[in-house]
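Dear colleague,

Please find below the structure that I am handing over to you.

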Amino acid sequence: MPLNSVAVNVAVIYYSSTGNVHALAEAAADAAIKEGAEVRLRRVPEIAPTDVVAANEAWAQHLEATRHIPDATLDDLTWADVVLLGTPTRFGAMASQLKQFIDTTSEVWGDGLLTDKVYSAFTSTYNQHGGQESTLLSLYNVIYHWGGVIVPPGYADPIQFELGNPYGTSHVGASGAPTQLHRDIMAFQTRRAVTTARALTAGIESQG
Ligand SMILES: Cc1cc2nc3c(=O)[nH]c(=O)nc-3n(C[C@H](O)[C@H](O)[C@H](O)COP(=O)(O)O)c2cc1C
């Protein structure tokens with residue numbers, strides 16, 4: 001069977017306050033659909049106090065504009081063969097909203113339902129040196145505990161030299177909203193994760 005006809009489920013699970021990570025998440029979901037995957041785009045619930053969100057117009061507007069996107073559930077994680085995780089940086093680590101969702105997974109983790117999937121992560125900071133790698137590593141630390149297969153983009157395609165982050169697609173807010181280049185790099189990262197998951201599935205199936 002050709003590799004691109006192997007069925008693959010992709011969950012894009014993310015948090016975004018003001019839309020930058022949301023734009024990357026949409027690019028990932030679009031790329032996965034183009035690859036022929038079944039795709040779920042899911043945001044994790046907002047847990048910041050209402051008055052804190054309301055005090056930031058961009059945050060309040062984005063929350064309202066994305067209410068139609070379903071909340072991530074444990075079923076989205078266990079259903080997926082590929083999990084793409086996105087978060088803005090918060091003082092050099094993942095956002096508490098995404099961590100809160102991750103911290104609800106102990107039961108499925110204990111049942112071994114998070115192992116052997118492909119995981120890859122993406123982020124947005126405000127500053128160029130504001131902690132992209134440390135944020136992505138804070139996410140990847142979780143994946144070691146889950147027994148996942150981390151598939152970073154590395155420099156596995158020439159496009160990776162254009163933004164230059166081998167840990168995962170990363171965006172700098174100070175330079176404006178994500179561009180077509182960010183979307184293209186997110187698409188490469190997604191294709192790589194999907195292809196790896198298909199190869200793993202095909203290899204396991206070939207062993208009967
Ligand atoms: C509490 C808080 C902490 C942040 N910490 C950092 C940081 O350590 N480095 C940085 O460059 N940006 C930091 N930012 C900025 C966001 O990560 C950045 O604006 C990002 O692009 C937001 O993504 P979003 O539009 O998807 O929410 C912080 C923002 C907040 C609200």
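S4 is mostly covered, with eight of its eight residues buried. Please bear in mind throughout that this is a predicted model. In a regular strand the side chains alternate between the two faces of the sheet. In S4, Val118, Ser120, Phe122 and Ser124 point one way, while Tyr119, Ala121, Thr123 and Thr125 point the other way, and all of them are buried.

Which strands pair with S4? S3, which covers residues 82–88, runs parallel to S4 and is joined to it by seven bridges; within this pairing, Leu85 has Ala121 as its bridge partner. Strand S5 (residues 149–150) is also parallel to S4, with two bridges between them, and here Tyr119 stands opposite Ile150. Strand S6 (residues 170–172) pairs with S4 in the parallel sense as well, over three bridges, and Thr125 has Val172 as its bridge partner there.

S4 also contributes to the ligand site. Both helix H1 (20–34) and strand S4 (118–125) supply at least two residues of the shell around the ligand, and H1 gives the most, with three residues. There are 19 residues around the ligand, of which Asn20, Pro88, Thr125, Gly130 and Gly173 come nearest.

As to the protein as a whole, it contains nine helices and six strands. Its C-alpha atoms fill a box of roughly 55 × 40 × 30 Å along the principal axes. The radius of gyration is 16 Å, which agrees with the value near 17 Å that a compact globule would have with 208 residues. Of the 208 residues, 40% count as buried. Among contacts with a separation of 6 or more, 79% are between residues 24 or more positions apart.

Helix H9 (residues 180–206) deserves a separate paragraph. Its 27 residues should span 39 Å at 1.5 Å a residue, and because the end C-alpha atoms are 38 Å apart, the span agrees with that expectation. The buried residues of H9 are His182, Ile185, Met186, Gln189, Thr190, Arg192, Ala193, Val194, Ala197 and Arg198. An α-helix has 3.6 residues a turn, so residues three or four places apart point the same way. The cover over the buried residues of H9 includes strand S1 (9–14), H1, S3, S4, helix H8 (160–163) and S6. Just after H9, Gly208 takes a positive phi of about 75°.

Finally, I would draw your attention to Asp81, which lies in the loop between helix H4 (74–79) and S3. Is Asp81 buried or exposed? Asp81 counts as buried because it has 22 C-beta neighbours inside 10 Å, where 20 or more are required. Leaving aside residues up to four places away in sequence, Asp81 touches Val8, Asn9, Lys117, Val118, Ala197 and Thr201. One of these, Val118, is a buried residue of S4, and another, Ala197, is a buried residue of H9. Thr201 is 120 residues from Asp81 along the chain, yet their C-alpha atoms are separated by 8.9 Å.

With kind regards

Terms used. Residues numbered from 1 in each chain as written. Predicted model: local features only at pLDDT ≥ 70, side-chain atom pairs only at ≥ 80, totals over all residues. Near = placed C-beta within 6 Å. Helix = DSSP H or I, 4+ residues; strand = E, 2+ residues; numbered from the N terminus. Buried ≥ 20, exposed ≤ 12 C-beta atoms within 10 Å, placed from the backbone. Pairing = 2+ DSSP bridges. Rg over C-alpha atoms; globule rule 2.2 N^0.38 Å. Contact = placed C-beta atoms within 7 Å. Expected span 1.5 Å × (residues − 1).
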